[in-house]
Amino acid sequence: MERFAWMGRIKPGMQQEYKRRHDAIWPEMVEVLKAAGIRNYTIWSDGDRLFGYYECEKGIAFAEKTQAESPVVDRWNDYMQDVLELEMDPVTGAQPKLEQMFFLE
């Protein structure tokens, strides 16, 4: 099982809206994430800073490719542009990977 972590930033004053949108995540977005093999997806915040983590049952490359090819993900990213500052890797279409520095099972 490969793990993936990312960071982002909520735009000023948009924390409640960011949370509201994720509380009402589109069912079709959940379907894409599951089809990509993404499990145990969690996003934490520290004020406006975000940290996301998920596990990739089918590998990170498969998860990135599935998301990059999905029009649902494109719509979600457009929907979130007004509340979220997120750097995207132009090659994978996903957030840049953080380097794992430690793991305790």
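Q: Two strands pair if DSSP finds at least two bridges between them, so what makes β1 and β3 a pair?
A: DSSP gives them 8 bridges in the antiparallel sense, so the pair meets the cut-off of at least two. As for the names, helices (H or I, at least four residues) and strands (E, at least two) are DSSP runs, numbered from the N terminus.

Q: What kind of model is this, and how are its residues numbered?
A: It's a predicted model, where local features need pLDDT of at least 70 and side-chain atom pairs count only at pLDDT 80 or more, while totals for chains, interfaces and linings use all residues. Numbering runs from 1 along each chain as its sequence is written, and side-chain values use heavy atoms, with hydrogens and water left out.

Q: Why are β2 and β4 called edge strands?
A: The 4 strands make an open sheet in the order β2-β3-β1-β4, with antiparallel pairing. Each of β2 (38-46) and β4 (84-85) pairs on one side only. For β2, the link to β3 (residues 49-56) is antiparallel over 7 bridges, with R39 opposite E55 and I43 partnered by G52. For β4, 2 bridges join the strand to β1, and R9 has E85 as its partner there.

Q: How do you know that helix α1 packs on the sheet?
A: Contact means heavy atoms within 4.5 Å, and α1 (residues 15-23) touches β1 (2-10), β2, β3 and β4. The direction of α1 makes about 140° with that of β1. For such angles, axes are lines fitted to C-alpha atoms (for helices, over the stretch in contact), and the angle runs from 0 to 180 degrees between N-to-C directions.

Q: What makes D48 and R9 a salt bridge?
A: The rule asks for a side-chain nitrogen of Lys or Arg within 4 Å of a carboxyl oxygen of Asp or Glu. This pair comes in at 3.0 Å, N to O, so D48 and R9 qualify. D48 sits in the loop between β2 and β3 and R9 in strand β1, so the bridge ties together parts 39 residues apart in sequence.

Q: Why is the lining of the largest pocket counted as having 20 nonpolar residues?
A: Ala, Val, Leu, Ile, Met, Phe, Trp, Tyr, Cys and Pro count as nonpolar, Asp, Glu, Lys and Arg as charged, and the others, Gly among them, as polar. By those classes the lining has 20 nonpolar, 10 polar and 4 charged residues. Y18, H22, Y41, I43 and W76 are the closest to the pocket's centre, and β2 gives the most to the lining, with 8 residues.

Q: What makes a space a pocket?
A: On a 1 Å grid over the protein atoms alone, a 1.4 Å probe must fit, and the set of points must be open, with protein on both sides within 12 Å along at least five of seven lines; lining residues have an atom within 4 Å of a point.
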